[in-house]
Amino acid sequence: MRIHKLPLILLVFYVLTIQGQKKSIPLEQYNVIWNTPSKNALESMPCGGGDVGMNVWVEDGDLLIYLSRSGTFDELNSFPKLGRLRIELSPNPLDNPDDFKQELKLKEGYVQIKASKEDLEVSIDVWADVFNPVSNINIQSNQKVEAIASYEGWRNEDRELTGLERNMCRTYLGAPFATIVKKDKVDFADGGVLFYHRNSGETAFDLVVKQQRLDSVKKKLWNPLENLTFGGRMSGKNMKPFKTVTGRYASTDFKGWYLKSVRPARNHHIKVVMHTEQTSSEQQWVNSLKKVEQHLTKSKKPNRAKSIDWWKDYWNRSHIVINKDDPDPKAKEWQIARNYQVFRYQLGCNAFGSFPTKFNGGLFTTDPEFVDSTMTYTPDYRSWGGGSATAQNQRLVYWPMLKSGDIEMMVPQFDFYANALNNAELRTDYYWGHDGASFTEQMESFGLPVGFEYGWKRPEYFDPGMEYNSWIEYQWDTSFEFCQMILDAYSFKNVDIKKYVPLIESCLRFYDEHYQYLSEQRTTQSLNQEGKLIFYPSTAGETYKMATNPITVVLGMKSVIKALLNLPETLLGESSRKYVVELYERLPEGIHFRMQEGKKTIAPAKSWERINNVELPQLYSVYPWGVHGVGREDLDIARNTWFYGADVEGQKDYTSWHQDPIFCARLGLIKEAAREIIKKLQDADRRFPTFWGPGHDWVPDHNWGGSGMIALQEMLLQNVNDKIYLFPAWPKKWDVDFKLHAPKNTVVEVSYRQGKVENITVTPTERTKDIVLLNDFNF
């Protein structure tokens with residue numbers, strides 16, 4: 001690999017020639033456009049903002065919209081839709097239209113539908129208020145039309161979940177008793193349709209506490225499900241209640257509450273105002289919803305203009321555009337950049353959510369039978385649960401936000417762990433009598449293990465603090481990746497992370513104290529003869545089980561401690577600093593080698609007893625922990641590990657959470673990175689290009705898109721110590737414009753055309769000295 005350090009005077013010249021120029025990116029060419037209506041809900045477009053998500057499509061002459069909002073979890077801790085809207089017009093240009101166009105307008109963040117039939121034309125804008133929980137439908141037509149808006153709900157009676165449908169509330173999967181979805185409340189009220197769900201009776205929290213023998217400390221545990229109430233009101237300007245109907249969509253019966261325009265008009269506005277809160281009574285929630293509605297009525301500034309401005313600022317923050325001057329939607333390299341931007345739009349729809357963007361569908365799941373015809377479940381279904389999280393999957397949704405400059409959007413994920421910290425520490429103390437947060441791999445939103453993974457059929461003698469599950473036993477270390485994200489957020493943008501430092505310390509302390517505790521169960525000593533911790537039994541991902549000193553644990557702890565020690569005293573006090581220095585000295589060697597096919601490769605651990613899954617944790621030293629790779633030590637051995645280091649079929653793959661293109665990018669393998677990123681980010685085999693999946697997870701698979709974003713970023717820009725490496729794994733045939741973020745409040749903007757770097761802008765300019773061009777890329 002050839003390295004070219006730019007002379008400072010030359011680089012400054014290029015910076016100054018374009019400094020201050022505001023370059024636009026061609027987002028319009030990335031807009032997703034359909035010229036025919038859809039067949040079903042899976043052929044929908046995502047739309048949203050703030051913390052609201054909508055699936056938007058036109059089917060059989062009706063406009064349909066699924067509503068979702070972050071943090072709306074029912075008693076079972078599933079993540080139900082808030083309902084479905086159906087808009088009908090009369091006369092109706094959406095029914096067998098002469099012309100039709102549905103477009104996701106990325107730059108402004110909304111979906112527009114235009115249709116005409118004979119001399120009637122209609123334009124419909126569907127958009128979410130970024131700063132308030134409101135979905136809006138604006139209808140304009142060149143003639144007066146009648147509008148009917150229906151709120152459709154399917155949770156109208158209590159209903160038992162059976163079989164695999166219980167995977168939508170994963171704690172209940174395999175449970176030896178009935179699993180009941182409780183009904184919503186829906187009715188006409190105050191000229192609109194009021195709908196809500198209020199959690200009552202036993203919840204998943206109560207069940208998990210009982211299952212895991214935590215009743216004696218229950219009052220000390222944080223319970224986010226108790227009395228949680230969520231829903232909203234649909235209303236329309238100059239619309240009034242009309243009638244109720246019943247029907248069936250896909251395999252789900254529903255009831256519809258209709259609003260009808262009082263008279264035909266050229267303009268109609270329908271909105272849904274939403275509210276979520278833990279309240280002492282239903283009436284308190286209704287009163288709170290009314291206050292939200294009143295606030296919106298009194299607002300003097302136009303909310304739509306503010307929302308559009310937010311999206312414009314969002315796109316100005318960062319971008320990756322390939323072959324801008326020669327757009328070809330059939331070209332795979334053009335697709336991967338388009339899909340990078342489009343998937344980033346999906347992430348932006350939950351910018352300010354009360355809960356992180358779920359890896360298994362985000363806010364945009366639809367009826368499961370359109371994914372798998374055998375799954376005739378309701379639209380509320382998603383595999384791998386609603387309020388539960390799989391840490392290894394979630395991390396890939398949030399890592400790319402550092403280089404895209406979207407650090408403010410990482411707060412919901414950081415708060416997910418911070419909010420659950422007390423519960424994770426309490427369970428550690430209760431079961432094992434020591435300190436530290438034991439965040440399990442499969443975890444409910446309140447910080448306790450998912451009931452299914454904890455095990456409904458477990459031996460009485462088994463450690464009650466452990467999950468009785470061969471896949472995720474002894475796996476607490478993914479929390480270190482989120483700790484590192486928090487520390488990187490400080491490194492990138494100097495954000496205030498003071499509230500999260502106790503969380504980071506607690507994750508480290510758990511491993512320190514727990515593995516001394518486990519050692520003392522086997523012997524009289526807590527450390528080995530060199531005074532080092534012995535991480536056994538442990539695990540490298542879900543794959544190498546009953547491992548000793550796995551690479552994922554040791555390198556994670558070392559990386560987090562190094563980053564902690566770079567914090568100022570105002571964030572890491574003297575006693576804490578002293579503790580983590582001493583802990584670092586107790587850490588064992590984290591890198592072990594072995595011979596495979598005659599080549600020296602990195603081992604996933606010092607030893608292990610079985611292989612259980614198909615991750616490739618031996619390359620976690622490459623990503624996320626950055627010990628090996630371009631500009632780092634033992635690049636040749638790390639490359640050997642990519643080519644020869646897998647143990648079982650399936651460890652190399654591009655679907656879902658597999659990191660193949662990330663590894664290739666970090667290793668500077670240009671040909672391989674290009675091949676793998678195309679497989680990862682090319683158009684999905686769905687109508688909407690970024691509705692990938694299900695892969696290992698669900699549709700749309702968000703850790704599929706997140707891992708693709710990371711890989712594309714790493715092909716263009718890598719941070720190595722204080723240096724910024726450009727083009728470490730970029731094919732020279734791909735013209736590119738990109739704007740990405742780096743540590744020390746740095747933004748790098750580059751244009752590359754036909755073998756030549758035309759422009760580089762580095763902000764602040766003093767960071768220009770740290771730019772390094774690789775692989776013969778030059779001016």
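These legends walk through several close-up views of a predicted model.

**View 1. Four strands form an open antiparallel sheet.**
Start with the strand order, which reads β19-β29-β30-β31. The edges are taken by β19 (319–322) and β31 (756–763), each of which pairs on one side only. Neighbouring strands here are turned by 15° against each other on average, with direction ignored. Look next at β19 and strand β29 (residues 736–742), which are antiparallel and share four bridges. Within this pairing, V321 sits opposite D737 of β29.

**View 2. Helices α5 and α16 both touch β19 and β29.**
Helix α5 covers residues 332–348 and lies across β19 and β29. The direction of α5 is at about 160° to β19. Helix α16, made of residues 702–716, packs on the sheet as well, where β19 and β29 are the strands it touches. The angle between the directions of α16 and β29 is about 100°.

Most residues other than glycine have a negative phi. Is N323 buried or exposed? N323 counts as buried, because its relative accessibility is 14% and the cut-off for buried is under 20%.

**View 3. D60 also has a positive phi, in the loop between β4 and β5.**
The strands on either side of this loop are β4 (52–59) and β5 (62–69). The phi of D60 is about 55°, although D60 is not a glycine. D60 has a relative accessible area of 70% and is therefore exposed, since exposed means over 50%.

**View 4. Strand β32 is covered on both faces.**
In a regular strand the side chains alternate between the two faces of the sheet. Strand β32 spans residues 771–774, with I771 and L773 on one side and V772 and L774 on the other. These four residues are all buried. Strand β28 (residues 723–726) runs parallel to β32 and is joined to it by three bridges. Here you can find L726 opposite L773 of β32.

**View 5. Helices α6 and α9 cross at roughly 20°.**
Helix α6 holds residues 391–398 and helix α9 holds residues 479–493, and their axes come within 9 Å. The two helices are therefore roughly parallel to each other, and α6 passes α9 in a left-handed crossing. Which residues of α6 and α9 meet? On the α6 side they are A391, Q392, Q394, R395 and Y398, while α9 brings E481, F482 and M485. Sorted by class, this contact has four nonpolar, two polar and two charged residues.

**View 6. Strands β22, β23 and β26 form an open antiparallel sheet in that order.**
β22 (538–540) and β26 (610–611) stand at the edges with a single partner strand each, so one side of each has no neighbour in the sheet. Strand β23 (residues 544–547) is joined to β26 by two bridges, and the two run antiparallel. To find this pairing, look for Y544, whose bridge partner in β26 is I611.

**View 7. L106 is buried in the loop between β7 and β8.**
The loop lies between β7 (99–105) and β8 (110–117). L106 has 0% relative accessibility and therefore counts as buried. Leaving out residues up to four places away in sequence, L106 touches L27, Y30, N31, W315, V342 and Y345. G61 is 45 residues from L106 along the chain, and their C-alpha atoms are separated by 25 Å.

**View 8. S261 is a buried residue of strand β17.**
Strand β17 covers residues 252–261. The relative accessible area of S261 is 5%. Which residues are in contact with S261, leaving aside its neighbours within four places in sequence? They are E146, A147, N238, M239 and H268.

Most peptide bonds are trans. P700 is in the loop between α15 (670–681) and α16.

How values were computed: Residues are numbered from 1 along each chain as its sequence is written. This is a predicted model: local features need pLDDT of at least 70, side-chain atom pairs count only at pLDDT 80 or more; totals for chains, interfaces and linings use all residues. Side-chain values use heavy atoms; hydrogens and water are left out. Buried means under 20% relative accessible area, exposed over 50%, partly exposed in between (1.4 Å probe, protein chains only). Two strands pair if DSSP finds at least two bridges between them. Axes are lines fitted to C-alpha atoms, for helices over the stretch in contact, and angles run from 0 to 180 degrees between N-to-C directions. Contact means heavy atoms within 4.5 Å. Angles under 35 degrees count as roughly parallel, over 145 as roughly antiparallel, 65 to 115 as roughly perpendicular and the rest as oblique. A crossing is left-handed if the near helix is turned anticlockwise from the far one by less than a right angle, and right-handed if clockwise. Ala, Val, Leu, Ile, Met, Phe, Trp, Tyr, Cys and Pro count as nonpolar, Asp, Glu, Lys and Arg as charged, and the others, Gly among them, as polar.
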